[in-house]
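Reader: I'd like to learn how to read a structure like this one. Can we go through it a feature at a time?

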Amino acid sequence: MKRITDYRKLFEITKDTDLAELKLIYRRLMKEWHPDKFADETLKTEAEAKSKVIIEAYHFLVSISPETHAASLEDYKLTSATSGIDDFLYKGSTLHITFNDGSKYEYFGVQKNTYNKLINSGNLARFARRHIFDSHIYRNVFKPTAVE
Amino acid sequence: MKTIDSLYLIDDDDIFQFLAQRTIEETKIVSQIKIFSNGKEAIDFLDKAIANLEPMPEVILLDLSMPIMDGWGFLENFLLLKPKIGKKIYIYILSSSINPSDIERAQAINDVTDYVVKPITKDKFIALIKNL
């Protein structure tokens, strides 16, 4: 969750900011911090590091935005409702889940005790369907490639 | 300094597209930059260009996360077209490193020359072309 908070702070936005506004802020920040604008080497390096964070933050914030979720909701619903859990990893308060269909998702702000209940639940997918998949901020980190 | 006749930039982020295009133009190394917003647009274009015996790009800068057909999809399809392309195309993955596993996965693919961490700067781009 800290990551989300940090990124939102960088963009000075809230969870209700829409994609169009996020994009406007991204454009402004990218112009402001483009490394080629700076002649001084130290400033250039600093601007490059800053731009890198801005790009990461933007793509991250896009990946958890309601618009992104709405666009891939059917895929997500199908995966989360029907696919079993192949693998998982809990780090910080982020839970990484690999589904049987090959897709990978991250869930943010998962409490330690929720995680403990998950590993003791006997049926991972069923527990996660009830207590994780629909109640946490998530993003897709890997989609099995679909070739036409 | 080697110059490049044709370069493809494949990325759905139009702000990055704009800045990268301007940066690359300022280096004056590349004669023509073609921009595509997803893998499918680029594959369809390549496919047609091959059929019409048009010149192939020398360098492709490829983002991974894109709608419709992402960078991985592009690479898979590129592999199918490759036997029909008579020359080496250097493919660089554009990375914004929010998914570190992507870089590992990309490096394991033979057709990927290397990856570039965004943003693209003049120095970075020049260094990349020097290494070709």
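Author: Let's start with a term: contact means heavy atoms within 4.5 Å. In chain A, among contacts between residues at least 6 apart in sequence, 55% join residues at least 24 apart. Before going on, this is a predicted model, where local features need pLDDT of at least 70, side-chain atom pairs count only at pLDDT 80 or more, and totals for chains, interfaces and linings use all residues. Residues are numbered from 1 along each chain as its sequence is written, chains are lettered from A and ligands numbered from 1 in the order in which they are written, and side-chain values use heavy atoms, with hydrogens and water left out.

Reader: How many helices and strands does chain A have?

Author: Helices (H or I, at least four residues) and strands (E, at least two) are DSSP runs, numbered from the N terminus. Chain A has seven helices and four strands, and their order from the N terminus is α-α-α-α-α-β-β-β-α-α-β. Its C-alpha atoms fill a box of roughly 60 × 40 × 25 Å along the principal axes.

Reader: Which residues of helix α1 of chain A are buried?

Author: Buried means under 20% relative accessible area, exposed over 50%, and partly exposed in between (1.4 Å probe, protein chains only). In α1(A), residues 2-11, the buried ones are Ile4(A), Tyr7(A), Arg8(A) and Phe11(A). They cover an arc of only 100° around the axis, which puts them on the same side of α1(A). That arc is taken from the directions from the helix axis to the C-beta atoms.

Reader: Why would residues a few places apart point the same way?

Author: An α-helix has 3.6 residues a turn, so residues three or four places apart point the same way. Back in our case, the face of α1(A) turned away from its buried side carries the exposed Lys2(A) and Lys9(A). The cover over the buried residues includes α2, α3, β3 (104-108) and β4 of chain A.

Reader: And what about chain B: which residues of helix α5 are buried there?

Author: In α5(B), residues 122-130, they are Phe125(B), Leu128(B) and Ile129(B). Their arc is only 95° around the axis, which puts them on the same side of α5(B). Now look at α3(B), residues 71-81: this helix is mostly covered, with eight of its 11 residues buried. Trp72(B), Phe74(B) and Leu81(B) are among them.

Reader: What happens at the start of α3(B)?

Author: A side-chain oxygen of Asp70(B) reaches to within 3.2 Å of the backbone nitrogen of Trp72(B).

Reader: Where is Pro55(B), and is it buried or exposed?

Author: Pro55(B) sits in the loop between α2 and β3 of chain B. It is exposed, with a relative accessible area of 72%.

Reader: How do I read the interface between the chains?

Author: The size of an interface is often given as the accessible area lost when the parts come together. Buried area is the accessible area (1.4 Å probe) that two parts lose on being put together, summed over both. Here, chain A and chain B bury about 2,200 Å² between them, 58% of it on carbon and sulfur atoms. In contact are 23 residues of chain A and 25 residues of chain B.

Reader: How many salt bridges cross that interface?

Author: A salt bridge is a side-chain nitrogen of Lys or Arg within 4 Å of a carboxyl oxygen of Asp or Glu. The rule finds two across the interface of chain A and chain B. One pairs Lys124(B) with Glu48(A), at 3.0 Å from N to O. On the side of chain A that touches chain B, α3(A) gives the largest share, nine residues.

Note on methods. A polar contact is a pair of N or O atoms within 3.5 Å; within protein, one must be able to donate a hydrogen and the other to accept it, and residues adjacent in sequence count only if both atoms are side-chain atoms.
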